[in-house]
Amino acid sequence: NYHWALAVVDVEHREFRYYDSLGGGGQHYLSALRGFLARYARHHSLHGLGVERWSMVPCMSGPQQGNGSDCAVFTCMTAEYLARALPFDFGNTAAESRH
C-alpha cells in the first residue's frame, strides 16, 4: 500500500479526526490542530468552542490506493466524501478517473 493522510476538524461533532492509509494514529497532528484552534478561539474571543474538550479520533480505516501516484487524489477524494457525508466506496478506478 501507498501512503496518504488527512486531518479533519469536525465542528458539528466536536472532534478532530485523522485518516491515514497506513493506519497511523496521528496523535501529534491532532494535538497540534487542537492547540492551534484553541489559540485561535482565544484570540478571536470564541469562548464557547471549548476545543480542549473535543475528542481526538484516529480513524484506522479509509480508502486504499494501489499505486504510488494517486496520493493527492485519494486525499482530496476522502475529504470530499467526508464533506458530503458519503461512505468510502471508491478505490483505484474512481481515483484514476479523477486525474
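Predicted model: local features only at pLDDT ≥ 70, side-chain atom pairs only at ≥ 80, totals over all residues.
1. H2 has 13 residues, which at 1.5 Å a residue should span 18 Å.

2. Which residues of H2 are buried? They are Val 73, Phe 74, Met 77, Thr 78 and Tyr 81. Looking down the axis of H2, you will find these buried residues within an arc of 130 degrees, so they line one face of the helix. On the face of H2 turned away from the buried side, the exposed residues are Ala 72, Cys 76 and Ala 83. Just after H2 comes Ala 85, with a positive phi of about 55 degrees.

3. Now step back to the whole chain. The protein has three helices and three strands, and from the N terminus on the order of elements is β-β-α-β-α-α. Of its 99 residues, 33% count as buried. Among contacts with a separation of 6 or more, 52% are between residues 24 or more positions apart. The exposed surface comes to about 6,000 Å², and carbon and sulfur atoms supply 55% of it.

4. The largest nonpolar core has ten residues: Trp 4, Leu 6, Val 8, Tyr 19, Cys 59, Val 73, Phe 74, Met 77, Tyr 81 and Phe 90. Strand S1 (5-10) and helix H2 (71-83) each supply at least two residues of this core. Which element gives the most to the core? That is H2, with four residues. Apart from this core lies another one, of nine residues, including Ala 38, Ala 41, Val 51 and Trp 54.

5. Trp 4, a member of the largest nonpolar core, deserves a look of its own. Setting aside neighbours within four places in sequence, Trp 4 is in contact with Tyr 19, Asp 20, Ser 21, Pro 63, Gln 65, Cys 71, Phe 74, Thr 75 and Thr 78.

6. H1 has 17 residues and reaches 24 Å from its first C-alpha to its last, close to the 24 Å expected at 1.5 Å a residue. Its buried residues are Leu 30, Gly 35, Leu 37, Ala 38 and Ala 41. What do the buried residues of H1 pack against? They pack against S1, strand S2 (15-20) and strand S3 (55-59). Two of them, Ala 38 and Ala 41, belong to the nine-residue core. After H1 comes Ser 45, whose phi is positive, near 55 degrees.

7. Finally, please look at Asp 10, which sits in strand S1. Is Asp 10 buried or exposed? With a relative accessible area of 13%, Asp 10 is under the 20% cut-off and so counts as buried. Its side chain has polar partners: a polar contact of 2.9 Å joins the side chains of Asp 10 and His 13, and one of 2.6 Å joins those of Asp 10 and Arg 17. Not counting residues up to four places away in sequence, Asp 10 touches Glu 15, Arg 17 and Trp 54. Trp 54 is also among the residues of the nine-residue core.

Methods
Residues numbered from 1 in each chain as written. Heavy atoms only, no water. Core = buried A, V, L, I, M, F, W, Y, C linked by side-chain atoms within 4.5 Å. Buried < 20%, exposed > 50% of the residue type's maximum accessible area, 1.4 Å probe, protein only. Contact = heavy atoms within 4.5 Å. Polar contact = N/O pair within 3.5 Å; in protein donor to acceptor, adjacent residues only side chain to side chain. Expected span 1.5 Å × (residues − 1). Arc of directions from axis to C-beta. Areas by Shrake-Rupley, 256 points an atom, 1.4 Å probe, with all protein chains shown as cover.
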